[in-house]
Amino acid sequence: MEQLNNVLEQCDAVWEDWNDQAVAGRIILLQRWSETVAARGDDFAQAASMIRFQCDSADRLLNKVHELPGPTGETNELYTAGRGTVVVTGDASLTSVALCGQLAAALVAGNCVVVSVEGTHADMVDAVLADLIKAGCPDRVAVRVSIDALSDLLVHPHIVGLATTGEDAHVRHVNRQLAQRQGVIATLVAETDTAHYPVIGSPDYVLRFVTECTRTINITAVGGNATLLELGSGEH
């Protein structure tokens, strides 16, 4: 448990900088990642396409700040931010397409990711995470831990969400573990169809990993002090 706590504390330490990067910057980095993943050939070509799909969705849905109506003398803005650290897992049916789709959506939204998969998938995860580092992703933004740590991860207070791929029985099992958490509710995003990916392949999948934030700036004191009020989740 101490080792797991250390991993999550390291993710927390880099999350703010990662989340503060512009969405456009994260998109450029992940598109670069898709090129290295595609170079692996075979099934990874489809995984690279899924990464680019999530980047395109983020560019359309997240890469803008919406101005909101408000009283004279202040500006009001609506934007999105990451939620924190998300767990990515899956059962034996996990594919490289599902893995990369979950990783790309969580990362481009501004989250850190901890991957915990069965040993048969460990090499696949290590390969795509190594490609992510080569693309320029900061260390500790996405890490893998042993499948033995999954149960502790799901009830850990630092975890804000879970993305998983698997059979119905697997999804029910992890959902029941999430339900045993104390404190803040963690979101569950599950894909059970690895033939058509109706969840991961949906145009708004990336929105499952964000929180909405509002920002109000008092502009009446031109040349003097201005008041900034920012509301959202966590630090935002």
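Tutor: Let's start with a definition: helix axes are lines fitted to C-alpha atoms over the stretch in contact, and angles run from 0 to 180 degrees between N-to-C directions. Keep in mind that this is a predicted model.

Student: Which residues make the contact of α2 with α5?

Tutor: From α2 come L29, L30, W33, T36 and V37, while α5 gives V128, D131 and L132. By class, these residues divide into six nonpolar, one polar and one charged.

Student: What makes β1 and β2 a pair of strands?

Tutor: Pairing takes at least two bridges, and β1 (residues 66-68) is joined to β2 (residues 74-82) by three, with the strands running antiparallel. One of the residues involved is H66, whose bridge partner in β2 is L78. The hairpin has five residues between the strands, and G73 there takes a positive phi near 105 degrees.

Student: How many bridges does β2 form with β8?

Tutor: Nine, again in the antiparallel sense, with β8 spanning residues 210-218. Within β8, R215 stands opposite E77.

Student: Why are β5 and β7 called edge strands?

Tutor: Look at the open sheet of five strands, which has parallel pairing and the order β5-β4-β3-β6-β7. Strands β5 (142-145) and β7 (187-191) each pair on one side only, and that is what an edge strand is here. On average, neighbouring strands of this sheet are turned by 20 degrees against each other, direction ignored. Inside the order, β3 (residues 85-90) meets β6 (residues 159-165) over six parallel bridges, and T89 stands opposite T164 in β6.

Student: Which helix packs on the sheet, touching β3, β4, β5 and β6?

Tutor: That is α4 (residues 96-108), whose direction makes about 155 degrees with that of β4. Helix α5 lies across β4 and β5 and runs at about 160 degrees to β5.

Student: What makes the protein chain as compact as a globular protein of that length?

Tutor: The chain has seven helices and nine strands. Its radius of gyration is 18 Å, and the globule rule gives 18 Å for 236 residues, so the chain is as compact as a globular protein of that length. Along its principal axes, the C-alpha trace spans about 60 × 40 × 30 Å.

Note on methods: Residues are numbered from 1 along each chain as its sequence is written. This is a predicted model: local features need pLDDT of at least 70, side-chain atom pairs count only at pLDDT 80 or more; totals for chains, interfaces and linings use all residues. Side-chain values use heavy atoms; hydrogens and water are left out. Contact means heavy atoms within 4.5 Å. Helices (H or I, at least four residues) and strands (E, at least two) are DSSP runs, numbered from the N terminus. Ala, Val, Leu, Ile, Met, Phe, Trp, Tyr, Cys and Pro count as nonpolar, Asp, Glu, Lys and Arg as charged, and the others, Gly among them, as polar. The radius of gyration is taken over C-alpha atoms; the globule rule is 2.2 Å times the number of residues to the power 0.38.
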